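Colleague: I have just opened this one and would like to talk it through with you. Could you start with the strand pairing, and tell me first how you decide what counts as a pair?

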Amino acid sequence: MVAKISVGSSLFGALSYNQNKVDEEQGKVLLSNRMFESEDGNFSIRLCMKCFNMHLPADLKTEKPIIHISLNPHPDDVLSDSQLADIAKEYMDKLGYGNQPYMVYKHEDIARHHIHIVSIRVDDTGKKINDKFEHIRSKQITRELEQKYGLHPAEKKQAAERPELKKVDYRAGDVKHQLSNTVKALAGSYRFQSFTEYKALLSIYNVQVGEVKGEVNGKPYNGIVYSATNDKGEKQGNPFKSSSLGKSVGYEAIQRHIQKSAKDIQDKNLKERTRRTVGAVMKSARSRKELEQVLKAKGIDVLFRQNDTGRIYGVTFIDHESRTVLNGSRLGKDFSANVFNDLFSGSRTLTGNTKQETQEHAPEYNPAGHLSEGAGKAVAGLFGLLSGGSDTPPDNSQIPPPKKKKKKQKRIY
């Protein structure tokens with residue numbers, strides 16, 4: 001079991017994050033401590049805020065008085081709600097928060113069910129709860145709880161903070177729940193800068209997404225629908241409106257995520273790892289199949305889009321290490337769809353050892369003596385990929401014009 005501790009200043013933000021899961025039927029309240037309940041036994045953000053604020057002094061000096069903890073059991077640990085509630089209570093007692101007001105939520109939005117705890121870091125007198133060596137003590141507590149409840153031990157690189165992603169399986173039933181879990185996990189953890197990249201990401205998990213545009217009472221609207229597919233990409237069953245899966249995967253939320261992703265990718269230079277890896281594999285791969293297999297082994301899925309004639313008109317790379325989705329053109333000219341089409345059309349290899357391959361790669365000339373547009377692109381792409389030189393391919397304007405023969409002048413004696 002892995003514990004993740006975050007501290008902050010926004011009580012409303014922590015509560016609304018968890019309450020949204022409850023409202024979308026992707027979570028529930030497991031336990032509360034020193035908190036008010038409404039008459040119907042439910043909790044609301046307003047009521048929780050009021051209760052927490054009663055325990056916070058007016059002259060609060062702690063800059064970040066809110067603590068938000070997630071406890072993540074191993075995916076193979078199957079625990080009842082009662083067990084999860086007991087684990088949360090024991091964890092808070094041992095960490096020193098047993099007398100604090102807190103809320104415990106169970107999240108069911110991904111396959112790996114886990115719990116979140118929201119509390120405050122000061123007692124009723126305004127004194128700060130002891131947080132000395134808090135993360136070290138937290139690790140020790142989780143080890144003790146693992147032994148007590150027979151849980152799988154946490155591994156150093158356990159993907160507890162990453163969503164457990166599974167392909168949607170239409171035959172397994174409960175398709176709406178499967179779609180909701182998968183789509184929310186992907187939209188929340190991967191970065192993409194266009195709807196096309198979002199579609200490519202979902203497609204490898206057997207999800208099809210489409211935009212819906214129209215007018216209602218003369219006002220334009222935009223929406224999204226999600227459908228399950230089989231491994232061939234064929235749609236299975238009826239589509240679901242995004243509103244039935246949750247606001248976090250609706251049209252406006254996805255557009256906001258696209259804008260944020262673009263900034264993150266630029267600020268953190270996230271495409272460099274993908275560009276470097278793909279470029280290296282392209283130089284050695286002898287076929288499209290080999291390219292796909294080697295990249296997959298390195299944590300990158302590549303998706304080619306083809307028309308009815310087999311021409312590649314689009315390529316997208318999904319880097320699972322950086323959790324970034326990038327169309328080929330974003331990586332540079334040498335990674336565009338045209339380059340891959342010229343390399344792989346007709347199932348050609350990259351060896352260039354046979355006469356046939358040499359003829360296929362040979363540029364065509366028009367009567368004016370210049371390279372045709374398609375051949376010019378092929379030569380430019382191949383130069384950048386195979387020469388190991390500059391990223392900018394040579395263009396025809398740099399070829400010096402043929403020298404004109406000087407006419408011999410007759411000398412007059």
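Modeller: Two strands count as paired if DSSP finds at least two bridges between them. This is a predicted model, and in it strand β3 (residues 66-72) is joined to strand β5 (residues 114-120) by six bridges, with the two running antiparallel.

Colleague: Which residue in β5 is the bridge partner of L71?

Modeller: The partner of L71 is I115, which belongs to β5.

Colleague: And how many bridges are there between β1 and β3?

Modeller: Strand β1, covering residues 2-8, pairs with β3 over seven bridges, again in the antiparallel sense; within that pairing, V7 has I67 of β3 as its bridge partner.

Colleague: Are the residues of β3 buried or exposed?

Modeller: Seven of the seven residues of β3 are buried, so the strand is largely enclosed by the rest of the structure. Both faces are covered, with I66, H68, S70 and N72 on one side and I67, I69 and L71 on the other. As background, side chains in a regular strand alternate between the two faces of the sheet.

Colleague: Moving on, what do β10 and β11 form?

Modeller: They form a hairpin with four residues between the strands, and R323 in the turn has a positive phi of about 50 degrees. Strand β10 (residues 312-319) pairs with β11 in the antiparallel sense over four bridges, and D319 stands opposite T324 of β11.

Colleague: Which way do the residues of β11 point?

Modeller: In β11, which spans residues 324-327, T324 and L326 point one way while V325 and N327 point the other way, and all of them are buried.

Colleague: Now helices: at what angle do α5 and α6 pack?

Modeller: Helix α5 (residues 175-189) and helix α6 (residues 195-203) pack at about 130 degrees, with their axes 11 Å apart, and that angle makes α5 oblique to α6. The contact is made by V183, L186 and A187 from α5 together with Y198, L201 and L202 from α6. The crossing of α5 past α6 is right-handed.

Colleague: Last topic, confidence: what is the mean pLDDT of the chain?

Modeller: The mean is 81, and 80% of the residues reach 70 or more. Over residues 156-163, however, the pLDDT is below 50, although this stretch has 20 contacts in the model beyond near neighbours in sequence. Residues 346-401 also stay under 50, and for them the model has 56 contacts beyond four places in sequence.

Colleague: So how should such stretches be read?

Modeller: Where pLDDT is low, the predicted coordinates should not be read in detail.

Note on methods:
Residues numbered from 1 in each chain as written. Heavy atoms only, no water. pLDDT = per-residue confidence, 0-100. Contact = heavy atoms within 4.5 Å. Buried < 20%, exposed > 50% of the residue type's maximum accessible area, 1.4 Å probe, protein only. Axes fitted to C-alpha atoms, helices over the stretch in contact; angles between N-to-C directions. Parallel < 35°, antiparallel > 145°, perpendicular 65-115°, else oblique. Left-handed = near helix turned anticlockwise from the far one by under 90°.
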